[in-house]
Amino acid sequence: LADQLLAVVVAKEQPEMEKKRADLVLESAASQAQLKEIETKILSLLSSSSGNILDDEELINTLGNAKVASQRIEERVAVQEKTQAEISETRKFYMPVAFRSSAQFFVVADLASIEPTYQYSLEWFVGIYLAAIDHAEKGRGEARLKNLNNEFTFRLYNNVCRSLFEKD
């Protein structure tokens, strides 16, 4: 849950970083698929080759193309690693908000042990989380994290209090 909430807060706070992360995943998968395709073609040509493999022009051309493609992929991987480090730093910054919010969800979920009607859905919880992100006072650095935590805690408290029975 903390990871899901982390993705939500990063997507809302820094949508360009979350888009970079999604693009990175797609690009990485495409690179791996391309390498697998090249490997399969080379193995197929090697297994069907008869006689001296140095005389097989198609195999030699495929190996040359594979070398060029793998160099391009290595260059992309280097860029991907740099981007991944940026994304990790951004996600690490918002981690305390996600962990605290996740813990609060489980506290609210445990209210059902007091009274069975006190059941709250994850969708309801995420709705409050999104509203808190949108309405939290702007700030930089640690001040923003504090504002996010305070706004979410306040909104969650108000919503839970509205749903409690008077006897409890």
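This is a predicted model: local features need pLDDT of at least 70, side-chain atom pairs count only at pLDDT 80 or more; totals for chains, interfaces and linings use all residues.
**Before you start**

Residues are numbered from 1 along each chain as its sequence is written. Helices here are DSSP runs (H or I, at least four residues), numbered from the N terminus.

**Stop 1: helix 1 and helix 3**

Select residues 2–13 for helix 1. Two packed helices are described by the angle between their axes and the distance between the axes. Axes are lines fitted to C-alpha atoms over the stretch in contact, and angles run from 0 to 180 degrees between N-to-C directions. Helix 1 and helix 3 pack at about 125 degrees, their axes 8 Å apart. They are therefore oblique to each other. (Under 35 degrees counts as roughly parallel, over 145 as roughly antiparallel, 65 to 115 as roughly perpendicular, and the rest as oblique.) Their crossing is right-handed: the near helix is turned clockwise from the far one by less than a right angle.

Now show the side chains in contact (heavy atoms within 4.5 Å). From helix 1, they include A2, D3, L5 and L6. From helix 3, they include T90, R91, Y94 and M95. By class, the contact of helix 1 with helix 3 has 10 nonpolar, 3 polar and 3 charged residues. (Ala, Val, Leu, Ile, Met, Phe, Trp, Tyr, Cys and Pro count as nonpolar, Asp, Glu, Lys and Arg as charged, and the others, Gly among them, as polar.)

**Stop 2**

The structure holds 8 salt bridges. Each is a side-chain nitrogen of Lys or Arg within 4 Å of a carboxyl oxygen of Asp or Glu.

Pick D3 and R91. Their closest N and O atoms are 3.0 Å apart. The pair links helix 1 to helix 3 across 88 residues of sequence. D3 is exposed, at 54% relative accessible area, whereas R91 is buried, at 13%. (Buried means under 20% relative accessible area, exposed over 50%, partly exposed in between, with a 1.4 Å probe and protein chains only.)

Next, pick D134 and K12. This salt bridge spans 2.9 Å between the closest N and O atoms. D134 lies in helix 4 and K12 in helix 1, so the pair ties together parts 122 residues apart in sequence. D134 is partly exposed, at 42%. K12 is partly exposed, at 39%.

Then find K20 and E86, bridged at 3.2 Å, N to O. K20 sits in helix 2 (residues 15–48) and E86 in helix 3, 66 residues apart in sequence. K20 is partly exposed, at 36%. E86 is partly exposed, at 34%.

**Stop 3: helix 3 and helix 4**

Helix 3 passes helix 4 in a right-handed crossing.

Show V97, A98, S101, Q104, F105 and V108 in helix 3; they meet L122, W124, F125 and Y129 in helix 4. The contact of helix 3 with helix 4 has 8 nonpolar, 2 polar and no charged residues.

**Last stop: H135**

Stay in helix 4 and select H135. Is H135 buried or exposed? At 51% relative accessibility, H135 counts as exposed. H135 touches E151 and R155, not counting residues up to four places away in sequence. Finish by picking F152: its C-alpha lies 9.2 Å from that of H135, and the two are 17 residues apart in sequence.

Definitions and conventions
Side-chain values use heavy atoms; hydrogens and water are left out. Helices (H or I, at least four residues) and strands (E, at least two) are DSSP runs, numbered from the N terminus.
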